Amino acid sequence: MTAPVPNSHSESDDSRARSIVSLFSGCGGMDLGFLGGFEFLGESFEPLSNRIVFANDNSEAACRTYRENIGHGIHAMDIEEAMPHLPESCDILLGGFPCQDVSFNGKRRAESGKRTVLYEKMVEAIERVQPGVFVAENVRGLLSCDFGKRVLSDFDIDGYSVTAKVLVASSYGVPQNRERLFIVGIKGDAPFTFPMASNAAPITASSAISDLEDEPENSGIKHMWSRAKRSPEQGSRKLRADAPATTMRAEHHGNVQWHYSLPRRVSLREQARFQSFPDTFSFPCAMRETERQIGNAVPPVLAWHIAKAIDNQVFG
């Protein structure tokens, strides 16, 4: 495997028609999926007729990764500061609002958590910008707490037909059993139909990363791994070669899963593969920050399938 090179989704050569506003963009996993034009494990995901007109995240490190790969300017600031810079309108509004306060692996503080209530800013942005479509992403744990009912109710915005569903990433060509809630709103009365899960067998861990087994550590491609000692529960979990990976987490360092056959934790590049990032996607950050960005991301391949369904149902 050679060193990754940035993708070429630059503003200057982008003639795509539909405008996207991206909030809580992170390193760009969902945005890459909505742009398309990348390859993963030998499969090509066609370019889609979308372009980024506004993106925001409060992490300067994540914004650095976003700029290097997505090629679009991104506002590195708190969402409150970014709100005045929103465009007047857009076709699609995306946002993977922070989820740690309702995550099963988090502290489950829900409405008392300072991060999760940031979803209200996304609701405010939708009401202000009035996109033709909005897509919000969060952990499935949102459905199992009373606070989640409030969130879903707040996203039931006047003038939109809103549909929510938990998708399993491994059912859409992502080699990871990641479950995430997607909330899709379409302006008007027509409800969104989520893409059908694939009938093909899920991609296994060994299918996704076996070519890296004999590769030495290489910082150029982020094939490097944590030396943290074994820790309880997830930190001691070993992947199975014949099954998709378990969920890649954001705040984990010592909780990164162990390789299915080697006496080490999986590498950053392997984690990126399990999230369906193409090998061309680079992470210009240190190990812990890269782990955080990968674990927080929406798998690009999963996002592409949602974007393609929106293409067909709304703009087709």
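Reader: Let's start with Phe192: which residues does Phe192 touch, leaving out those up to four places away in sequence?

Author: Happy to begin there, with the reminder that this is a predicted model. Phe192 is one of the residues that touch the most other members of the largest nonpolar core, alongside Phe34, Val135 and Phe182. Leaving out residues up to four places away in sequence, the contacts of Phe192 are Thr163, Val184, Ile186, Ile306, Ala309, Ile310 and Gln313.

Reader: Which element gives the most residues to that core?

Author: The core has 44 residues. Elements that give two or more residues to this core include helix 1 (29-35), strand 4 (50-57), strand 7 (133-139), strand 9 and helix 9 (300-315). The top contributor, with 8 residues, is helix 9.

Reader: And how many residues are in the other core that lies apart from it?

Author: Among the members of that other core are Phe54, Ala82, Tyr119 and Met122. In general, nonpolar side chains in soluble globular proteins tend to be buried together. The count for this other core is 28 residues.

Reader: Tyr119 makes me curious about rings. What kind of pair do Phe97 and Tyr119 form?

Author: The structure holds 12 aromatic pairs. For Phe97 and Tyr119, the ring centres are 6.0 Å apart and the planes stand at 50°. Planes under 30 degrees apart would count as stacked and over 60 as edge-to-face, so this pair is tilted.

Reader: Where in the chain do Phe97 and Tyr119 lie, and how many residues apart are they?

Author: Phe97 is in the loop between strand 6 and helix 4 (119-129), while Tyr119 is in helix 4. Phe97 is buried, with a relative accessible area of 1%, and Tyr119 is buried too, at 0%. The pair links distant parts of the chain, and the separation is 22 residues.

Reader: What kind of pair do the rings of Tyr119 and Phe147 make?

Author: Tyr119 lies in helix 4 and Phe147 in helix 5 (residues 146-154), so this pair ties together parts that are 28 residues apart in sequence. The ring centres of Tyr119 and Phe147 are 5.9 Å apart, with the planes at 75°. Since that angle is over the 60 degrees required, the pair is edge-to-face.

Reader: Is Phe147 buried or exposed?

Author: Phe147 belongs to a cluster linked by ring pairs, together with Phe97, Tyr119, Phe134, Phe155 and Tyr160. Its relative accessible area is 2%. Buried means under 20%, so Phe147 is buried.

Reader: Let's turn to charges over rings. Which ring does Arg264 sit over?

Author: There are two such arrangements to look at. Arg230 lies over the face of Trp258, at 4.1 Å from the ring centre. The charged end of Arg264 is 4.0 Å from the centre of the ring it sits over, that of Trp225.

Reader: How far away is the cysteine sulfur nearest to Cys27?

Author: The structure holds 0 disulfides, and Cys27 is in none. Cys27 counts as buried, at 3% relative accessibility. The nearest cysteine sulfur belongs to Cys285, and its distance is 8.9 Å.

Reader: Gln293 is in helix 8. Why is helix 8 largely enclosed?

Author: The buried residues of helix 8 are Met287, Glu289, Thr290, Glu291, Gln293, Ile294 and Gly295. What covers them includes helix 2 (60-70) and helix 7 (268-274). Helix 8 is largely enclosed by the rest of the structure because its buried residues number 7 of 10.

Reader: One last stop: which side chain makes a polar contact with that of Thr204?

Author: Thr204 sits in the loop between strand 9 (179-187) and helix 6 (205-209), and is buried, with a relative accessible area of 16%. The polar contact spans 2.9 Å, and the partner side chain is that of Ser207.

Definitions and conventions: Residues are numbered from 1 along each chain as its sequence is written. This is a predicted model: local features need pLDDT of at least 70, side-chain atom pairs count only at pLDDT 80 or more; totals for chains, interfaces and linings use all residues. Side-chain values use heavy atoms; hydrogens and water are left out. Buried means under 20% relative accessible area, exposed over 50%, partly exposed in between (1.4 Å probe, protein chains only). Helices (H or I, at least four residues) and strands (E, at least two) are DSSP runs, numbered from the N terminus. Contact means heavy atoms within 4.5 Å. A polar contact is a pair of N or O atoms within 3.5 Å; within protein, one must be able to donate a hydrogen and the other to accept it, and residues adjacent in sequence count only if both atoms are side-chain atoms. A nonpolar core is a set of buried Ala, Val, Leu, Ile, Met, Phe, Trp, Tyr and Cys residues joined through side-chain atoms within 4.5 Å. Rings of Phe, Tyr and Trp (its six-membered ring) pair if their centres lie within 6.5 Å; planes under 30 degrees apart count as stacked, over 60 as edge-to-face and the rest as tilted. A charge sits over a ring if NZ of Lys or CZ of Arg is within 6 Å of the ring centre and within 35 degrees of the ring normal. A disulfide is a pair of cysteine sulfur atoms within 2.5 Å.
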